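This report describes selected local features of one protein chain. The sequence and the model are shown first, and the commentary follows.

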Amino acid sequence: MMKKMLGQAMPLGCVMVDIEGIELQTQEAERLLDPLVGGVILFTRNFESMAQLEALTDQIHALRHPRLLIGVDHEGGRVQRFREGFTRLPAMGLLGDVFHCSAQEAQAMAETVGWMMATELLAVGVDFSFAPVVDLDYGDSRVIGDRSFDRDPVIVGQLALSVMQGMKKAGMASVAKHFPGHGYIQADSHLEVALDARDFNTIARTDLQPFLKLIEHGVQAVMPAHVRYPQVDDWPAGFSSVWLQEVLRGQCHFDGAIISDDLSMHAAAAYGEAPERVSLALKAGCDLVLVCNDSMAADAVLSRVRWESDAASHARLIRLHGKGTLRRHQLLTNPLWQSAAARIEHFLNEQNQKVLSV
């Protein structure tokens with residue numbers, strides 16, 4: 001029965017789900033054929049080798065037309081889902097450190113990192129990475145830390161733009177996160193309720209600035225934070241039409257895709273069962289919502305949520321498809337890849353030597 005359904009035509013849905021292992025199981029393939037599904041997010045558990053990953057993404061892409069989106073958190077530093085066979089990418093905080101000594105060097109390396117990240121993922125069939133992180137590093141966050149480039153919004157905006165430009169050159173869309181800013185608070189929204197008590201003007205002058213920089217240059221997607229900003233709205237940003245419609249769409253003039261953070265995270269779990277959370281995020285303005293690490297919740301969403309995306313939302317998602325030109329077997333012999341790999345390796349060795357000499 002599955003073979004008859006392969007490659008069938010249906011619009012992209014509004015839910016992004018995950019799979020359990022390194023191969024696509026029959027029941028998982030059937031889930032991905034649900035009209036409400038729009039994509040698959042991959043994790044480290046889905047990776048064994050580059051060849052295996054390429055086979056898996058080919059199988060997922062072959063299920064439907066237009067093909068399902070495949071995304072991954074592959075930022076660099078401690079958040080890099082695939083390791084063996086992939087270039088080790090620096091934490092973004094290292095680029096911020098270098099910026100204070102040489103802005104030109106830091107921006108050039110940021111573009112190289114963005115290009116390398118995108119090129120290697122596209123080569124194995126991954127459409128996009130949830131990157132760059134444009135949260136500010138206030139020094140206290142338990143989840144952001146060196147995932148952030150810097151505390152200065154100007155530096156963050158410039159380096160994030162360089163990463164985005166590198167990704168674009170490789171053929172990959174970028175996803176700026178976590179709107180309107182997750183760096184100020186200590187709480188990890190994966191595990192805790194997260195609340196930022198600052199007023200809108202303070203956030204607008206600081207944390208919003210890197211988002212505005214990327215929006216000005218055409219960033220294709222934004223991921224809102226599971227953080228409440230009670231001086232602006234009682235709902236967390238990802239469930240808030242104030243943040244998503246009035247601020248992001250209206251005031252910031254963003255016309256790309258809005259992709260929720262994982263609705264299974266603790267900071268989102270207080271807002272009802274999974275179907276209710278998905279409905280809240282969609283009604284607030286999300287184009288695509290993530291339901292991860294809970295197959296029962298995903299099935300409940302697919303059976304109970306009723307939602308038809310409009311043409312504009314579908315077009316935003318279609319623009320997230322990867323447009324890479326290199327395949328896995330071409331990487332090692334490609335001179336652009338060889339040069340970028342050498343520059344990144346040299347950069348990391350240089351930074352390690354600086355740490356050792358302190």
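Asn293 is found in the loop between β14 (288–290) and α12 (295–304). The model is predicted, and in it Asn293 has a positive phi of about 60° although it is not a glycine. Most residues other than glycine have a negative phi, and most peptide bonds are trans. With a relative accessible area of 48%, Asn293 is partly exposed.

The backbone nitrogen of Asn293 lies 2.7 Å from a polar atom of the side chain of Asp18. Asp18 belongs to the loop between β2 (15–17) and α2 (26–32). Its relative accessible area is 10%, so Asp18 counts as buried, the cut-off being under 20%. A polar contact of 2.6 Å also joins the side chain of Asp18 to the side chain of Arg45.

Helix α9 covers residues 241–251, and its buried residues are Trp243, Leu244, Val247, Leu248 and Arg249. Seen down the axis of α9, these buried residues fall within an arc of 165°, so they line one face of the helix. An α-helix has 3.6 residues a turn, so residues three or four places apart point the same way.

At the N-terminal end, α9 is capped by Ser240, which has a side-chain oxygen 3.2 Å from the backbone nitrogen of Val242. Beyond the helix comes His253, with a positive phi near 60°. His253 is not a glycine, and it lies in the loop between α9 and β13 (257–262). Its relative accessible area of 63% makes His253 exposed.

## Helix α11

In helix α11 (residues 274–284), the buried residues are Ala274, Pro275, Arg277, Val278, Ala281, Leu282 and Ala284. Just after α11, Gly285 has a positive phi of about 135°.

## Cis peptide bonds

The bond from Ala131 to Pro132 is a cis peptide bond, with omega near 10°. Pro132 is located in the loop between β8 (128–129) and α6 (153–170). The bond from Phe179 to Pro180 is also cis, with omega near 0°. Pro180 lies in the loop between β9 (175–179) and α7 (200–205).

The largest cavity has a volume of about 40 Å³. Its lining consists of Glu75, Met92, Val113, Met117, Ala131, Pro132, Val133 and Val163. By class, these are 7 nonpolar, no polar and 1 charged residues. Both Ala131 and Pro132, which line the cavity, take part in the cis peptide bond with omega near 10°.

The second largest pocket holds about 260 Å³ of space. It is lined by 16 residues, of which Gly13, Pro35, Trp307, Glu308 and Ser309 are the closest to its centre. The lining comprises 9 nonpolar, 3 polar and 4 charged residues.

## Cysteines

The structure holds 0 disulfides. Cys14 is in no disulfide, and the nearest cysteine sulfur, that of Cys286, is 10.0 Å away. For Cys292, likewise in no disulfide, the nearest cysteine sulfur is that of Cys286, at 13 Å. A disulfide is a covalent bond between the sulfur atoms of two cysteines.

Are these cysteines buried or exposed? Cys14 counts as buried, at 1% relative accessibility. Cys292 is buried as well, at 1% relative accessibility.

Conventions
Residues numbered from 1 in each chain as written. Predicted model: local features only at pLDDT ≥ 70, side-chain atom pairs only at ≥ 80, totals over all residues. Heavy atoms only, no water. Buried < 20%, exposed > 50% of the residue type's maximum accessible area, 1.4 Å probe, protein only. Helix = DSSP H or I, 4+ residues; strand = E, 2+ residues; numbered from the N terminus. Arc of directions from axis to C-beta. Polar contact = N/O pair within 3.5 Å; in protein donor to acceptor, adjacent residues only side chain to side chain. 1 Å grid on protein atoms, 1.4 Å probe; cavity = no way out; pocket = protein on both sides within 12 Å on 5 of 7 lines; lining within 4 Å. Points joined across faces, edges and corners; volume = space filled by probe spheres on them. Nonpolar A, V, L, I, M, F, W, Y, C, P; charged D, E, K, R; others polar. Disulfide = S-S within 2.5 Å.
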